[in-house]
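Morning, everyone. I have one structure to go through today, so please look at it on the screen while I talk.

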Amino acid sequence: MEMPERADIGEAPVRIHVLGRAVEVPFGLTIMKAMEYAGFRLVRGVGCRGGFCGACSTLYRRAGDYKLRPALACQATVEDGMFLAGLPFVPANRGAYDLESIEWDGVPDGRKTLLPAHYPELARCVACNTCTKACPQELAVMDYIQLALRDDLEGVARESFDCLQCGLCAVRCPADIPHYHVAQLARRVHGRYAVAPSPQLSARVAEIEAGEHHGEMDRLIGLGVPELTALYAQREIEEVAA
Ligand code: SF4
Ligand code: SF4
Ligand code: FES
């Protein structure tokens with residue numbers, strides 16, 4: 001990876017602490033690039049580098065401040081005096097379920113519940129809104145937890161649609177609620193049972209299973225980065241009907 005030379009940055013370097021080790025890095029780098037610049041080899045806690053995969057959850061504190069703050073290492077930039085640690089994995093509770101055997105007709109009736117049954121800890125929410133403040137996607141996390149308590153799967157699916165599964169909300173929650181696992185279950189069940197199957201997707205899966213795209217796949221694998229970048233920029237984006 002290309003790293004900026006200090007002279008190219010035009011700002012004084014910043015001094016940060018990574019996992020307790022003091023290092024000096026150029027101003028303007030993301031936390032992830034700063035860690036690599038300082039010699040850390042990232043084998044966990046890194047994925048897309050573009051703010052999409054949620055692999056790079058990080059907690060940090062500013063010098064002179066008591067507050068622990070959440071960030072995505074590939075998006076947030078370093079600040080002088082920062083103390084930081086990456087979280088390669090958040091071991092939050094994940095309810096066990098088999099999507100194919102879940103019974104769900106979309107009408108919570110007071111007898112059969114889905115989300116509270118799989119995650120009874122939802123009832124422990126104290127409405128502190130800490131999860132919302134922790135979310136790097138700026139989702140209304142507390143709101144979707146309240147919808148989950150009411151078993152409103154469509155609402156949870158809608159409000160959590162841009163969740164990256166980074167786990168930072170769960171790390172900060174005083175009630176130990178695994179928000180992103182709750183929301184993932186809601187999206188899965190809603191997508192499986194309430195949303196009409198996509199004819200385009202079904203057709204594409206049939207083409208793939210018939211091997212119709214093997215030749216094109218081989219061609220793509222043989223291309224270099226510039227050709228792939230140009231192809232990506234030219235891609236067609238399908239209009240979604242309202
Ligand atoms: S952080 Fe936990 S307790 Fe606080 S609002 Fe969010 S889910 Fe509820
Ligand atoms: S809802 Fe939680 S897991 Fe999802 S992006 Fe926000 S902080 Fe990360
Ligand atoms: S590496 Fe994927 S969101 Fe940061």
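**Sheet, ligand shell and a helix pair**

Strand 3, residues 57-61, and strand 4 run antiparallel and are joined by four bridges. Strands here are DSSP runs of E of at least two residues, helices are runs of H or I of at least four, and both are numbered from the N terminus; two strands pair if DSSP finds at least two bridges between them.

A note on the source: this is a predicted model, where local features need pLDDT of at least 70, side-chain atom pairs count only at pLDDT 80 or more, and totals for chains, interfaces and linings use all residues. Residues are numbered from 1 along each chain as its sequence is written, with chains lettered from A and ligands numbered from 1 in the order in which they are written.

Back to strand 4: its arginine 69 is the bridge partner of tyrosine 60. The whole sheet is open, with five strands in the order 2-1-5-3-4 and mixed pairing. Strand 2 (21-25) and strand 4 (69-72) are at the edges with a single partner strand each, so one side of each has no neighbour in the sheet.

Next, ligand 1. Of the 13 residues around it, the nearest are Cys125, Cys128, Thr130, Cys131 and Cys173; a residue counts as near if its C-beta atom, placed from the backbone, lies within 6 Å. Helix 4 (130-134) and helix 5 (141-149) each supply at least two residues of this shell.

Last, which residues of helix 5 meet helix 8? They are Val141, Tyr144, Ile145 and Ala148, against His179, Val182, Ala183 and Ala186 in helix 8, contact being C-beta atoms, placed from the backbone, within 7 Å.

Conventions. Two residues are in contact if their C-beta atoms, placed from the backbone, lie within 7 Å.
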